[in-house]
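Let's take a walk through this structure together. Have a look at the sequence and the 3D view, and then we'll talk about how two parts of one chain meet.

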Amino acid sequence: MAELPGQIRRMSGGISQLIEQIYGFSRRCLFRVISMGPIPSHLAFIMDGNRRYAKKHSLEDGSGHQAGFSALMSMLQYCYELGIKYVTIYAFSIDNFRRKPEEVQSLMDLMLEKIKSLLEKESIVHQYGIRVYFIGNLALLNDQVRAAAEKVMKATAKNSRVVLLICIAYNSTDEIVQAVKKSCINTSDNIEASGNYKHEDRDSDIEGTDMENQEKRIQLVDIEENMRMSVAPDPDILVRSSGETRLSNFLLWQTGNTQLFSPAALWPEIGLKHLLWAVLNFQRNHSYLEKRKKQL
Amino acid sequence: MGEKEKRASNRKMPKHVAVILDGNRRWAEKRGLGTSEGHEAGARRLLENAKDCFAMGTNTISLFAFSTENWERPEDEVKCLMALFEKHFRAEMPFFQRDKIKILVIGNRAKIPESLRGLIEEVEEATKSYEGKNLIIAIDYSGRFDILQACKSLATKVKDGLIQVEDINEEAMEKELLTKCSEFPNPDLLIRTSGEQRISNFFLWQSAYTELYFPTVLWPDFGEAEYLEALTWYQQRQRRFGRRV
């Protein structure tokens, strides 16, 4: 008789495992159907609404971010299962440093904890063979977080199946400024190099024009190459949760042709149905765009 | 007070409104009309909306009239669009002068017909002294082109020793972008009609914190009522710029 509660516990544990397996199986079947159409290669997420979620459910602030992290793990799992190769997330913006110091510290602590957990054996990184990049002005992070991030990047450098780009201490205008600076430096170096060459040649007639041509040679590709996000193609879809429709200085250069999707759900409430909606919309637009291209 | 005046007295009006005028061709198709009639209807709607917008206290209106990618459209359509721009620049000069609207055309002028280029210079010259109302028309413009030309300009300054590479920052970029002509270079509100939810390479840098509004109505049908709806939506936004409210 004393065994009964134990037996019931084991049975309900077994049933919920079974339900999970059925759910996982149906999901994978659904994904197989959907992937008969075009699948986006890169999805980006602005994970907005964690604090509002905490308020809504009368939780402490930190719990909102924890719930947000769980939602993120599920979303990554769905994306990679569906066959999406690149996922980018806006984890922490340079603008967010202007929040109250206690909140910034608590976010840094949470991020440190989660970054470290990526290296654990059971983590999603190992499950899906994810290569992780941390994109941003990492010098702005405290030493611990930066070191942890660099460790993860190094440890996953050989993974090649799928990619996760975590934008931290990032904003797009900063990224563009850094790329512009690098392009200017490269150009000056090129000019100096050709200048030296010209001195040897003593061909002063061509020198002026050639210097002009060197500057003119800053092309789009120069800026693009120097962007921190150049390790991934431009996103096909950008999802911002919680109903706000603005980019908040995220991937401005890269989202010129990206489809924007703003479900009203707060980030911890985001789920499979939102991903499906985004992908189905992408497929619908994709066929419309292909048709228009053919018409032209 | 009329609806417009009430809005104008509300402090939370966008100072800079950007518009991607999408849907002219679909509008024409729906009515069994030709593409050129669609664009003509779009142009008329544009002028009406600009008048309303300025009346409600907006300082700058930007229009994505022709993108770099639009050169790929059929030759007839491109010719028709260029002719439309010429026609309206000419016809609306009196309106610009009467209402003291400063006209600024941004984009790569190299490929547009010479007659249009000359006319643009005329209009810009005639309206350059006006202040308080700016109408920015983007022709052969793309956000990436804008950032690239800013980069080239900064590279030249570095080469000439006017600035150091370390001086290149966000402010330095904003001084070089083509929107430097306005006191409010970054749009508060961007409206793209016809339901497409993408920026299509319009303002990229400048849209960092812009509220994006995507009504499904086609551009020639986007009138005063629709604009008031957009404003109401805008005024309900909580703009945090990354901080807590």
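Buried area is the accessible area (1.4 Å probe) that two parts lose on being put together, summed over both. Keep that in mind as we go. What you're looking at is a predicted model, where local features need pLDDT of at least 70, side-chain atom pairs count only at pLDDT 80 or more, and totals for chains, interfaces and linings use all residues. Residues are numbered from 1 along each chain as its sequence is written, chains are lettered from A in the order in which they are written, and side-chain values use heavy atoms, with hydrogens and water left out.

Chain B has a mean pLDDT of 91, with 92% of its residues at 70 or more. The complex gets an ipTM of 0.90 and a pTM of 0.89.

Now to the parts. Chain B is split into domain 1 (11-141 + 186-236) and domain 2 (143-177); such bounds come from an automatic or database domain assignment. Taken over C-alpha atoms, the centres of domain 1 and domain 2 of chain B are 27 Å apart. Nine residues from domain 1 of chain B and nine residues from domain 2 of chain B make the contact, meaning heavy atoms within 4.5 Å.

Together, domain 1 and domain 2 of chain B bury about 800 Å², with 65% of it on carbon and sulfur atoms.

How values were computed: pLDDT = per-residue confidence, 0-100.
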